[in-house]
Amino acid sequence: MFQFYRGQKSAQGGPIPGMPQPFDIAMLEIDFAELSDPGRVRVDNEDYLGHVAPETPDRAQSHGWLFAVADGVGGHEKGEVASRTAIEALLEGFRSAAKAEPLSGLLQNLVRRANTRVLDAGMNSGMATTLVVCALRYDRVVVAHVGDSRCYLIRQREASLLTRDHTVASEHVRLGLLSADEVAEAETRHILSRSLGTGLSVNAEINDHQVFPGDVLLLCSDGVPSSRARVTAGRPAQALS
């Protein structure tokens, strides 16, 4: 599935296709699925994911939905503990958030809270994790991320990257030191410039977008896709092929 999306022409952050039909808030439905797998290289699985779904219509309007994926930094001690600690802190904070709190500010605070939890749990062991989280309320999605875990928006079979990798290679591209084509071969493409658990404070990169019926949000680590949320409006979910 991930390879299919990546093959679309706009997979590396091109313009998001337009969507003319309005979003009927009263008919909002969300279908989602989650999957985590260690892959073929490592024995341990350092990914962790989770979500918060509203129990009532009132809760859907006041809080919305939350989906998150974390990837413990490979080569660091207890990466699986870091990713789980970050996700659990996020979910706990989202459940206890005040009603109708602006999502951008809420996610920034939750990411900083997660960072503190990872630092406390690590006890100077050096464990760290990436994180990508999206919150849905009404017809808006707010995406926050730290590290190289990603969020894609798939609309009309075209995938648009909504996040920017926080890696040394990505920063070099931004500064004009590397071209976009050189990133794939750069030795620094997997060296993180930002992560949870490596400093007393961290700033998540946050952006928000409008969503429409049929949109798919794909949250994934830097390898295997781990979570997806499909937005529909008053009709059954359709299979992607």
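Q: Hi! What share of the contacts with a separation of 6 or more comes from residues 24 or more positions apart?
A: In this chain the share is 68%. Contact means heavy atoms within 4.5 Å. The model is a predicted one, where local features need pLDDT of at least 70, side-chain atom pairs count only at pLDDT 80 or more, and totals for chains, interfaces and linings use all residues. Residues are numbered from 1 along each chain as its sequence is written, and side-chain values use heavy atoms, with hydrogens and water left out.

Q: Thanks! How many helices and strands does the chain have?
A: There are five helices and 10 strands. Helices (H or I, at least four residues) and strands (E, at least two) are DSSP runs, numbered from the N terminus.

Q: And how much of the chain counts as buried?
A: Of its 241 residues, 47% do. Buried means under 20% relative accessible area, exposed over 50%, and partly exposed in between, with a 1.4 Å probe and protein chains only.

Q: Let's look at the sheet. What is the strand order in the open sheet of five strands?
A: The order is E2-E3-E4-E5-E8, with antiparallel pairing. Two strands pair if DSSP finds at least two bridges between them. E2 (47-52) and E8 (205-210) are the edge strands with a single partner strand each, so one side of each has no neighbour in the sheet. On average, neighbouring strands here are turned by 10 degrees against each other, direction ignored.

Q: How many bridges join E5 to E8?
A: Six, and the two strands run antiparallel. Across from Val142 you'll find Asp208 in E8.

Q: Which strands does H3 lie across?
A: H3 lies across E2, E3 and E4, and runs at about 10 degrees to E2. Axes are lines fitted to C-alpha atoms, for helices over the stretch in contact, and angles run from 0 to 180 degrees between N-to-C directions.

Q: How do H3 and H4 pack?
A: Their axes are 8 Å apart, at an angle of about 140 degrees. H3 and H4 are therefore oblique to each other; angles under 35 degrees count as roughly parallel, over 145 as roughly antiparallel, 65 to 115 as roughly perpendicular and the rest as oblique. Among the residues that meet there are Ala86 and Leu90 in H3 and Leu110 and Ala114 in H4.

Q: Now the inside. Which residues of the largest nonpolar core touch the most other members?
A: Those are Leu66, Phe94, Leu107, Val111, Leu131, Val133 and Leu196, out of 29 residues. A nonpolar core is a set of buried Ala, Val, Leu, Ile, Met, Phe, Trp, Tyr and Cys residues joined through side-chain atoms within 4.5 Å. The elements giving two or more residues to this core are E3 (65-72), H3 (79-95), H4 (103-122), E4 (129-137) and E5 (140-146).

Q: What does Val133 touch?
A: Leaving out residues up to four places away in sequence, its contacts include Leu66, Leu90, Leu107, Val142 and Leu219. Another core, of 17 residues, lies apart from the largest one, and Cys151 and Leu153 are among its members.

Q: What sits opposite Ile154 in E7?
A: Ala159 does. E6 and E7 (residues 158-161) pair in the antiparallel sense over four bridges. In E9, the bridge partner of Ile154 is Val216.
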